[in-house]
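This briefing takes the whole chain as its starting topic and then turns to a few individual residues. Please keep the sequence and the structure in view while reading.

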Amino acid sequence: MLGLQASLKDHDESRQGEALVLDGADVKHNRKLFIESYGCAMNFSDSEIVASIMSDMGFSTTSDYKEADVIFINTCSIRDNAEQRVRNRLKEFSAAKVKNPGITIGVLGCMAERLKSKFLEEEKLVDLVIGPDAYRDLPNLIGQVDDGNRAVNVLLSREETYADISPVRLNTNGISAFISIMRGCDNMCSFCVVPFTRGRERSRDPQSIVREAEELFNKGYREVTLLGQNVDSYKYPGAEAKEVNDESPSGYGQTVNFARLLELVANINPELRVRFSTSHPKDITDEVLYTMARHENICKHIHLPVQSGNSRILEMMNRTYTREWYIDRVDAIRRIMPECGISTDIIIGFCSETEEEHQETLSMMEYVKYDFAYMFTYSERPGTLAAKRYPDDIPEEVKKRRFNEILAKQQECSSIRLEQRVGKTFKVLIERNSKKSATDFSGKSDQNTTVVFPADNKSRPGDYVHVLIEKCTPATLIGKIVG
Ligand code: 5AD
Ligand code: SF4
């Protein structure tokens with residue numbers, strides 16, 4: 001029995017661990033792994049790859065770190081408070097290790113990559129530090145720790161996509177799953193630590209992506225989310241690429257771009273919903289929008305981080321688009337898919353941001369009327385372009401006040417969007433029984449809004465139903481099954 005813990009929900013999935021012989025020596029069997037993930041969906045997806053590699057080494061897993069032989073924490077560096085949360089959690093794990101020195105504690109992911117072996121100096125009870133491109137080296141590193149050493153591998157790769165590793169699904173409802181389609185980021189937004197912690201951008205072989213989606217569908221999954229830091233720049237070379245002389249490395253003739261990949265996954269089965277994240281305003285093409293419009297099963301929702309509504313700040317952020325460009329992309333989405341949901345990320349109080357520039361972010365929100373937004377006050381990250389070039393000069397209380405203004409505006413936008421949907425009917429994929437009432441189902445509309453409605457005795461999680469929306473709360477649509 002495999003039961004892995006991630007930070008949000010408990011999970012249980014059956015899978016038999018296999019014995020593995022390394023260098024002629026039997027790896028210890030029946031050891032237990034606990035893994036906890038922080039940060040973005042990509043990190044949660046990476047933990048599923050790690051769980052797969054550990055399972056192949058004979059590790060069974062536990063949702064209680066107190067009974068684990070190996071504790072892994074998959075970390076996020078995006079903002080300082082994300083790192084602080086990890087440090088606090090590590091204190092708890094270290095206390096467990098003081099009681100039981102045989103435990104192995106491993107730090108994975110972006111903080112491991114950012115701090116490298118410094119982590120071992122700072123956190124005396126950590127045994128293993130491993131970056132996001134080095135997970136294949138886990139058998140070797142666990143072996144080093146078993147031999148009484150501390151182990152580090154933070155090498156970044158230009159090729160690694162873990163294409164052949166079949167993830168062990170964690171936190172799963174058996175209906176929705178993430179599929180990583182690319183890794184790294186080449187954008188160098190000035191505030192962002194990701195290009196340093198996750199390395200250069202590389203796209204995964206489209207055949208392996210389609211295969212993974214097909215396997216999920218055959219197991220009963222009904223929704224896949226294609227993940228990348230910037231999915232619009234997905235590109236896998238085809239036969240025409242000069243550097244390639246065999247027939248067709250993409251397996252599909254020509255170069256596969258993101259629009260083509262979306263189409264390939266959407267064509268697997270009309271009952272399989274396709275979502276994706278994250279889009280970049282500079283790269284999202286009309287071709288992608290028309291592909292979405294053509295396929296009923298590609299969900300009409302785009303996460304399009306704006307970061308700021310002011311062109312000077314966008315330039316300092318190195319986002320490589322202007323306010324006008326962003327508005328043009330939103331207009332194109334509305335023209336091609338009038339019902340499309342749009343969500344965003346906003347950074348508040350970036351270096352030198354004036355009141356007028358902050359007002360332009362508010363007016364952008366007013367224009368787009370985002371369905372949903374992730375809002376963050378700017379947090380300076382060591383080593384980034386912004387940290388090198390610009391002082392973090394907006395006082396904390398100003399950042400806080402602007403944050404509250406942005407939050408209030410977003411609450412206004414969300415409720416306008418929800419109220420617009422009252423009286424309409426939406427196709428909903430049932431995900432689970434509602435948290436609040438066992439007699440209600442909870443699912444998602446195409447636009448990614450949570451919909452709650454009374455269960456009937458014909459339907460169950462994984463089914464599609466049509467729901468007439470009768471009312472809404474601040475974040476949920478409420479209705480009843482029709483037809
Ligand atoms: N400070 C605040 N927010 C940040 N983000 C990325 N880096 C920072 C930072 N240094 C936000 C951006 C990005 C999201 C994933 O996190 O809005 O889109
Ligand atoms: Fe960071 Fe920008 Fe890349 Fe997103 S696109 S991961 S914000 S550098």
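For the charge count, Lys and Arg are taken as positive and Asp and Glu as negative, while His and the chain ends are not counted; each charge is placed at NZ of Lys, CZ of Arg, CG of Asp or CD of Glu. On that basis the protein chain has 64 positive and 73 negative side chains, and the centres of the two sets lie 3 Å apart. The model is predicted, so local features need pLDDT of at least 70 and side-chain atom pairs count only at pLDDT 80 or more, whereas totals for chains, interfaces and linings use all residues. Residues are numbered from 1 along each chain as its sequence is written, chains are lettered from A and ligands numbered from 1 in the order in which they are written, and side-chain values use heavy atoms, with hydrogens and water left out.

**Overall fold**

- The protein chain contains 14 helices and 23 strands, these being DSSP runs numbered from the N terminus (helices: H or I, at least four residues; strands: E, at least two).
- Its radius of gyration, taken over C-alpha atoms, is 23 Å, close to the 23 Å that the globule rule gives for 483 residues, so the chain is as compact as a globular protein of that length; the rule is 2.2 Å times the number of residues to the power 0.38.
- Of the 483 residues, 56% are buried, where buried means under 20% relative accessible area, exposed over 50% and partly exposed in between (1.4 Å probe, protein chains only).

**Asn187 and Asn318**

- Asn187, in the loop between strand E10 (182–183) and helix H6 (194–198), is buried at a relative accessible area of 15%.
- Beyond residues up to four places away in sequence, Asn187 touches Asn230, His280, Lys282 and Asn318, contact meaning heavy atoms within 4.5 Å.
- Asn318 is found in the loop between H10 and helix H11 (323–336) and is partly exposed, with a relative accessible area of 27%; its phi is positive, at about 60°, although it is not a glycine.

**The loop between E15 and H9**

- Pro281, in the loop between strand E15 (273–277) and helix H9 (286–294), is buried with a relative accessible area of 0%.
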